[in-house]
Amino acid sequence: MTATTDNTAADVDAAARAAQAAFLAYGASDAATRGALLRGLADALEGQREHLVALADAETHLGPARLNGELDRTAFQLRGFATQVGQGAAFTATDDPAVAGPPPAGHPALQRVRVPLGPVAMFAASNFPFAFSVLGGDAAAALAAGCPVVVKAHPGHRGLSQAVAGLAHGVVAAQGLPAGVFALVDGPGHDIGVALVQHPAIAAAAFTGSVRGGLALQRAAQARPRPIPFFGELGSVNPVVALPAAIAANGPALAQGLAGSITLGCGQFCTSPGVLVLPTGALGDAFVAQLVEALRAAPTHAMLTPQMQAGFASGRDAWAAHPRVQALLDARAADGAPPRPFLGQVAAADFIADAHLHEEVFGPAALVVRVDGSAQAIEVLQAVGGTLTVTLWGADADTPETRALVHAATQVAGRVLFAGYPTGVAVTAGQQHGGPFPASTMPATTSVGWAALDRFLRPVALQDAPAWLAARGGRPC
Ligand code: NAP
């Protein structure tokens, strides 16, 4: 186990000031510089794979297979953003030559460019110790955009965080970049994180975690004399809507796959399906029975932290004790053992009426909501309000019913799936990982995929710019 260091408010101040100093050069850096840094970080992670995976496994219980895969994804993300920057993604410019004559048609020469926001405070997630942590997607996107990052370590994997930060410091130094391009701050209690988002040198914050923690940090970011953007990914219940035709065609396989998705990683995915919208009647009954059996047999493992396991137990117990929720599967594990899956069932009207039932229970649990027809399924989606994903099975034909369902799904979710399961988020150009609150505090942006870079760039119009400046082709000064 790596020794961990508790930072103080003075350390936060020093890290933020160093990031501000580094921003002068790094914010104006070219694609080759940023690409070399991102590729160097990927190489460094892979070079220490064995040591890092062992550290991560000891701290998170996620297992070497999953953690090796996550490290691969993290290196892929870093190199992918390097490629994006190399192809000009951070330096896009819209040239709008002058038009002679009076306004509104006549106008001066304008070039719309984008500049990096400045130093970014990055809050590592608990459930992806590589891919959403110290050198995860948020850090990669910010560095690609030209923003130094100051990462707040997650208390669930401090040893790993400090080991990864050590590697990053080495890469930054070896490439001759200012040390302030990357920093990690760590320590128990909320003070470190609050001091970080409130530091005057910090220009934006990116966060993945709980609704409560995210809202507290967003309030702190907005209470500053100069409020800053807060890109928070918070809770999500990821409804799965199964239309009767899909169940009739493929019910047993879908039930089996759904049980696997609910219990994947012991349910500790932001895209874990937590609300299952199923038809009333015999077809839905059979599907529910198959799902119960598949869940009963599904393996689970220890959760990321004891606090998270306690949080899961408390959410599950609240569902089990709810007068309108019928527990379909409620096998309890022995004290200290990994939790067993929970499945509850509730009528649509009761679900819609109780906002507590729309909240995420983080872990291997889901609520079946029984609906009479697609109009009621739409009301359930509207009650959920904001989610990272909606999955719609059986919307294959273009009918007024499927159009209405697709409309409702796209109104509440950042990603709508028509096949498969919501766990598993591809890192690519077409991805959208966000959605109306509480999925995201900034639903017009994504935290996964190459478009995540755009979060950390701010448009500026250069009017009648001198030739030398226009010739920089969007590269900031
Ligand atoms: P968390 O408690 O929100 O913590 C995330 C980060 O925010 C940590 O660095 C934490 O550090 C900090 N923090 C929390 N509350 C704070 C506050 N009031 N002021 C300042 N900083 C604060 O999230 P978590 O530990 O990852 O997991 C807890 C729960 O979050 C889970 O049970 C689950 O419900 C949810 N979660 C959701 C997702 C998702 O993607 N939807 C992902 C992971 C977790 P300190 O505690 O050191 O201050």
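The C-alpha centres of domain 1 and domain 2 lie 33 Å apart, and those two domains are 9-234 + 440-470 and 240-417 respectively, with bounds that come from an automatic or database domain assignment. Where they meet, domain 1 puts in ten residues and domain 2 eleven, contact meaning heavy atoms within 4.5 Å.

A quick word on the model, everyone. It is a predicted one, so local features need pLDDT of at least 70, side-chain atom pairs count only at pLDDT 80 or more, and totals for chains, interfaces and linings use all residues. Residues are numbered from 1 along each chain as its sequence is written, and side-chain values use heavy atoms, with hydrogens and water left out.

Now, the inside. Which residues touch the most other members of the largest nonpolar core? They are Leu37, Phe81, Leu135, Phe182 and Phe456, in a core of 69 residues. This core takes at least three residues from each of domain 1 and domain 2. By nonpolar core I mean a set of buried Ala, Val, Leu, Ile, Met, Phe, Trp, Tyr and Cys residues joined through side-chain atoms within 4.5 Å; buried is under 20% relative accessible area, exposed over 50%, and partly exposed in between, with a 1.4 Å probe and protein chains only.

Take a look at Phe182. Not counting residues up to four places away in sequence, Phe182 touches Val134, Leu135, Val149, Val151, Ala165, Ala168, His169 and Val172. Apart from this core there is another, of 33 residues, including Leu357 and Val384.

On to the ligand, which has 23 residues around it, the closest being Ser126, His190, Ser210, Leu234 and Cys270; a residue is near if one of its heavy atoms lies within 4 Å. Helix H8 (211-222) and strand E6 (204-208) each supply at least two residues of that shell, and H8 gives the most, with three. Helices (H or I, at least four residues) and strands (E, at least two) are DSSP runs, numbered from the N terminus.

Lys152 places a polar side-chain atom 3.0 Å from an oxygen atom of the ligand. At Leu234, a polar backbone atom is 2.5 Å from a ligand nitrogen.

Buried or exposed, would you say, for Gln84? Gln84 is buried, because its relative accessible area is 18%. Beyond its neighbours within four places in sequence, Gln84 is in contact with Ala89 and Trp450.

Technical notes. Polar contact = N/O pair within 3.5 Å; in protein donor to acceptor, adjacent residues only side chain to side chain.
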